[in-house]
Amino acid sequence: MDEVKNLDTEAVFATLTPAEAVASLREALAGDFDPSNDIPRTISDVTAGNMIFMPAEIGDWVGVKLVGVSVANSERGLPRIMAQYLMYDATTLELRTVIDGAALTTLRTPAVSLAAVEPALNRFTQPVNVVVFGAGPQGTGHADTIADVLDVELADVCFVVRSPDQVTADVHERGRVLQAQTAEVDEAIRAADIIVTATTASEPLFAADLVKPGAVVMACGSHDPHSRELPAELFTSAMVVVEDLSTVLREGGDVVLAISDGALNADSLITMKAFSNGEVSADPDQTLIFKGSGMSWEDLAVATKLVGKA
């Protein structure tokens, strides 16, 4: 067997730009692969928390992400989530590459959001205002990916957090930091062209009437059918794009709860593949919502591009 390559955190971010990660996902969607055929992930409880097994197969590659979630790691000064990504030759199933799974996830999650909404971003012809709920790796990752993908400049970037005093310097370098549930946040939402929710919230983060028509909203904070970051009322007149119909109805609390509240019809949901490939277009005056919960194929699509460039 050939020597197994290793791509650490530094190699992941040095090899692939956020815009290239977005392109890798749209390339996968443009081909024969359909997310509805993705292999479901498995979550198993263990003493420290849980283990997540996420396998996928696209073209010449089989990949699997192994994720460990230890709820007490923050008390130990360690990351709550640990992960490795293993890539195998699809024909022989020989292990070829091991990738830092946390870095891959940090790169691919915002890339998924942007790949899902990218066909609608041409509605923005002037500098845009961005509001990001959450200032962790996914919050800052979305801000970086938006900046890398948009053809226009960012006029203002706001990070909304519960504890501004705990926000690190790199977040302040990217934009303003606002205390959650303040009038200042409401003002920022009213002006926002793009809103990102990347939190652990289980209840809506803001009121629907604060969001202006034509805004693009990306929700990626949970994969729990009982949790939501967005208010149901926001879905009433919006176009809603999802990764996959069965996945979102199983895991996407924002969508599941909006449907149960009578604010959304499941038959109106648009798949990411259909929207990315231009089968459905968006009215620029209509709010666009993307709800993502993470799927196994997304890691493999980005990892394939990584291995090709590394």
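Biologist: Is Gln 181 buried or exposed?

Modeller: Buried means under 20% relative accessible area, exposed over 50%, and partly exposed in between (1.4 Å probe, protein chains only). Gln 181 counts as exposed because its relative accessibility is 78%. This is a predicted model, in which local features need pLDDT of at least 70, side-chain atom pairs count only at pLDDT 80 or more, and totals for chains, interfaces and linings use all residues. Residues are numbered from 1 along each chain as its sequence is written, and side-chain values use heavy atoms, with hydrogens and water left out.

Biologist: Where does Gln 181 lie, and what is its phi?

Modeller: Most residues other than glycine have a negative phi. Gln 181, although not a glycine, has a positive phi of about 60 degrees. Gln 181 lies in the loop between strand S9 (176-179) and helix H6 (183-191); helices (H or I, at least four residues) and strands (E, at least two) are DSSP runs, numbered from the N terminus. Leu 93 also has a positive phi, near 60 degrees, and is placed in the loop between strand S5 (81-89) and strand S6 (95-100). With 53% relative accessibility, Leu 93 counts as exposed.

Biologist: Why does Thr 109 count as buried?

Modeller: Thr 109 counts as buried because its relative accessibility is 12%. Thr 109 belongs to helix H3 (residues 101-117). Apart from neighbours within four places in sequence, Thr 109 is in contact (heavy atoms within 4.5 Å) with Gln 138, His 142 and Cys 220.

Biologist: Into which domains is the chain divided?

Modeller: Domain bounds come from an automatic or database domain assignment. Here the chain is divided into domain 1 (5-105 + 297-309) and domain 2 (112-295). The contact takes 21 residues from domain 1 and 20 residues from domain 2.

Biologist: How is the size of that interface expressed?

Modeller: It is often given as the accessible area lost when the parts come together. Between them, domain 1 and domain 2 bury about 1800 Å², 54% of it on carbon and sulfur atoms; this buried area is the accessible area (1.4 Å probe) that two parts lose on being put together, summed over both.

Biologist: How many salt bridges are there between domain 1 and domain 2?

Modeller: A salt bridge is a side-chain nitrogen of Lys or Arg within 4 Å of a carboxyl oxygen of Asp or Glu. The count between domain 1 and domain 2 is two. The side chains of Glu 251 and Arg 41 form a salt bridge at 2.7 Å, N to O.
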